Amino acid sequence: MKKIIFIAIATTSLLLSSTQAFALFSVSVGVPLNQSFSSGTEIESVSGSLIGVQLPFALGLGMDSYKTKVKDSVLELETSVYNIFYQLPVPIVNLILGVGTGNHKFVCSDIGDGSSCSDYFEKGSITQWYTSIGLPIIPFFDIHLSYRSITSKNVEVIKGSSKGSKSDLNSTVTGVGIAFNF
């Protein structure tokens, strides 16, 4: 009987310590790997960071900041999002669900006529939901994959236009990262 109780306690403590939901504090750093637009716009590259800080009660705050270079264009899309997330109490894996809001805007390397992107485009507001699944490497680290679904609202209205053209910038972003648990 003592052996069964010991095995149950050892197994439970192993499962609870292998998930960062029970960590006192956690810091996560990641990078976006790919962005795919629903409009079919092709991208050349995406770079930036996906940062999250989790508090002891499985709630956390995060910030996404990245640039997406549009293929065969002088345009880059800068995205900045603030997130709130919750880690579900699932044993073995670290499963996170979150939502965020922010904005994005076009920036240009060189238009050629002396003007800048801000002469043509305004900032647009966005919302996103995301999920992340992490696999513990050792008790203090996990590696995770994330998926973000971004919805654009009244995005990138072209200035000077009487009707105000809208760009379809709804997209998905995948990322990878590592978390350190204190």
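The largest cavity holds about 240 Å³ of space. The structure is a predicted model. The count comes to 1 cavity of 30 Å³ or more.

The lining of the largest cavity comprises 24 residues, and Ser28, Ile96, Tyr130, Ser132 and His144 lie nearest its centre. Two or more lining residues come from each of strands E1 (26–37), E2 (43–54), E3 (59–70), E4 (75–88), E5 (94–108), E6 (124–138) and E7 (141–153). Strand E2 gives the most to this lining, with 5 residues. By class, the lining of the largest cavity has 13 polar, 8 nonpolar and 3 charged residues.

Turning to the aromatic rings, the count comes to 4 aromatic pairs. Phe141 and Phe180 form a tilted pair, with 5.1 Å centre to centre and 50 degrees between the planes. Phe141 lies in strand E7 and Phe180 in strand E8 (residues 171–181), so this pair ties together parts that are 39 residues apart in sequence. Phe180 also pairs with Phe182: the ring centres are 4.7 Å apart and the planes stand at 85 degrees, so the pair is edge-to-face. One aromatic cluster is formed by Phe25, Phe141, Phe180 and Phe182.

| Residue | Relative accessible area | Class |
|---|---|---|
| Phe141 | 30% | partly exposed |
| Phe180 | 31% | partly exposed |
| Phe182 | 48% | partly exposed |

Key:
Residues are numbered from 1 along each chain as its sequence is written. This is a predicted model: local features need pLDDT of at least 70, side-chain atom pairs count only at pLDDT 80 or more; totals for chains, interfaces and linings use all residues. Side-chain values use heavy atoms; hydrogens and water are left out. On a 1 Å grid over the protein atoms alone, a cavity is a set of points where a 1.4 Å probe fits but cannot get out, and a pocket is an open set with protein on both sides within 12 Å along at least five of seven lines; lining residues have an atom within 4 Å of a point. Grid points are joined across faces, edges and corners, and a volume is the space filled by probe spheres set on the points. Helices (H or I, at least four residues) and strands (E, at least two) are DSSP runs, numbered from the N terminus. Ala, Val, Leu, Ile, Met, Phe, Trp, Tyr, Cys and Pro count as nonpolar, Asp, Glu, Lys and Arg as charged, and the others, Gly among them, as polar. Rings of Phe, Tyr and Trp (its six-membered ring) pair if their centres lie within 6.5 Å; planes under 30 degrees apart count as stacked, over 60 as edge-to-face and the rest as tilted. Buried means under 20% relative accessible area, exposed over 50%, partly exposed in between (1.4 Å probe, protein chains only).
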